[in-house]
Amino acid sequence: MKIFKRVLSMLIACVMVFGTFGTVSADKSFTDMKSSHWAWSYVQTLVKDGTINGYTDGSFRPEANVTRAEFVKMIGKTDKAFETVFDDISGHWAYDYIMYSDMDVEGNKFYPNVAITRNDVINLLWKRAGSEKATAPSIITNQSTNADAAAWAYSYGIMNGDDGVNLRLGDGVTRAEASALICRSRDIK
């Protein structure tokens with residue numbers, strides 16, 4: 001019986017030691033972003049699944065504003081293309097992402113190189129998540145061009161604002177913030 005217990009103990013120890021090797025994955029390091037950065041885990045999640053990456057110089061530029069084209073690339077394409085012909089995206093590197101973005105636009109301009117606003121981000125993430133209805137106080141919903149998207153983003157904790165109320169929907173979004181918003185929206189069940 002002692003031999004059986006010893007063999008079983010050794011077997012369990014081996015499984016525990018060797019079983020962890022399959023789950024270990026190294027984080028990608030960036031020259032300008034440390035693992036102590038508040039958005040590190042969000043960025044690493046998106047890097048590991050191939051959604052985003054850094055720049056060729058080894059940086060991530062977490063505080064750089066994201067353009068409309070960059071954001072639609074970060075969240076990927078939908079299945080349906082725009083029927084609109086945009087005057088400002090011919091030959092643009094993100095042409096396919098823009099055409100399959102399903103982003104709300106007015107007229108025939110996309111403005112791909114303009115910084116995306118927090119309002120545009122929550123509207124697009126809400127659409128991509130299925131346009132679920134949610135409730136939030138009017139102090140939240142009155143801030144947005146889309147009360148449902150604002151309520152959804154606020155009620156699920158995707159976007160809370162610096163003071164818990166002001167969502168700063170007219171502000172731009174940094175690469176770190178965009179990473180966090182995308183991950184939080186994906187975590188909604």
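Predicted model: local features only at pLDDT ≥ 70, side-chain atom pairs only at ≥ 80, totals over all residues.
1. On the overall fold: the protein chain has 8 helices and 0 strands. Going along the sequence, the pattern reads α-α-α-α-α-α-α-α. Of the 189 residues in the protein chain, 38% are buried. If you take the contacts with a separation of 6 or more, 57% of them come from residues 24 or more positions apart. As for the surface, the protein chain exposes about 11100 Å², and carbon and sulfur atoms supply 54% of that area.

2. Back to the rings. Counting rings as paired if their centres lie within 6.5 Å, we get 4 aromatic pairs. How do the rings of Phe86 and Phe110 sit relative to each other? Their centres are 5.7 Å apart and their planes make an angle of 70 degrees, so this pair is edge-to-face; the cut-off for that label is over 60 degrees. Phe86 belongs to the loop between helix H3 (68-75) and helix H4 (95-99), while Phe110 belongs to the loop between H4 and helix H5 (118-128), so the pair ties together parts that are 24 residues apart in sequence. Phe82 joins in as well: ring pairs link Phe82, Phe86 and Phe110 into a cluster.

3. Two charges sit over rings. For Lys77, the charged end is over the ring of Tyr97, 5.4 Å from the ring centre. For Arg175, the charged end is over the ring of Phe60, and here the distance to the centre is 4.2 Å.

4. H3 deserves a look. This helix is mostly covered, with 6 of its 8 residues buried. Which residues of H3 are the buried ones? They are Arg68, Ala69, Phe71, Val72, Met74 and Ile75. The cover over them includes H4, H5 and helix H8 (175-186). Just after H3 comes Gly76, with a positive phi of about 85 degrees.

5. Asp120 is found in helix H5. Leaving aside residues up to four places away in sequence, Asp120 touches Arg68 and Met103. Is Asp120 buried or exposed? Buried, with a relative accessible area of 19%, and the line for that is drawn at under 20%.

6. Next, the packing of H2 on H8. Two packed helices are described by the angle between their axes and the distance between the axes. The axes of helix H2 (residues 40-48) and H8 come within 8 Å and cross at roughly 75 degrees. That makes H2 roughly perpendicular to H8. On the H2 side of the contact you'll find Tyr42, Val43, Thr45 and Leu46, and these meet Ser179, Ala180, Ile182, Cys183, Arg184 and Arg186 in H8.

7. Most residues other than glycine have a negative phi, and most peptide bonds are trans. Asp102, placed in that H4–H5 loop, has a positive phi near 65 degrees without being a glycine. With a relative accessible area of 35%, Asp102 is partly exposed. Tyr111 sits in the loop between H4 and H5, and its phi is positive too, near 55 degrees, again in a residue other than glycine. Tyr111 is at 44% relative accessibility and so counts as partly exposed.

8. Last one: Leu167, which is found in the loop between helix H7 (147-155) and H8. At 0% relative accessibility, this leucine counts as buried. What does Leu167 touch, not counting residues up to four places away in sequence? The partners are Arg118, Ile140, Gln143, Tyr154, Met159, Asn160 and Gly161.

Notes:
Residues numbered from 1 in each chain as written. Heavy atoms only, no water. Phe/Tyr/Trp six-rings, centres within 6.5 Å; stacked < 30°, edge-to-face > 60°. Helix = DSSP H or I, 4+ residues; strand = E, 2+ residues; numbered from the N terminus. Lys NZ or Arg CZ within 6 Å of the ring centre and 35° of its normal. Buried < 20%, exposed > 50% of the residue type's maximum accessible area, 1.4 Å probe, protein only. Contact = heavy atoms within 4.5 Å. Areas by Shrake-Rupley, 256 points an atom, 1.4 Å probe, with all protein chains shown as cover. Axes fitted to C-alpha atoms, helices over the stretch in contact; angles between N-to-C directions. Parallel < 35°, antiparallel > 145°, perpendicular 65-115°, else oblique.
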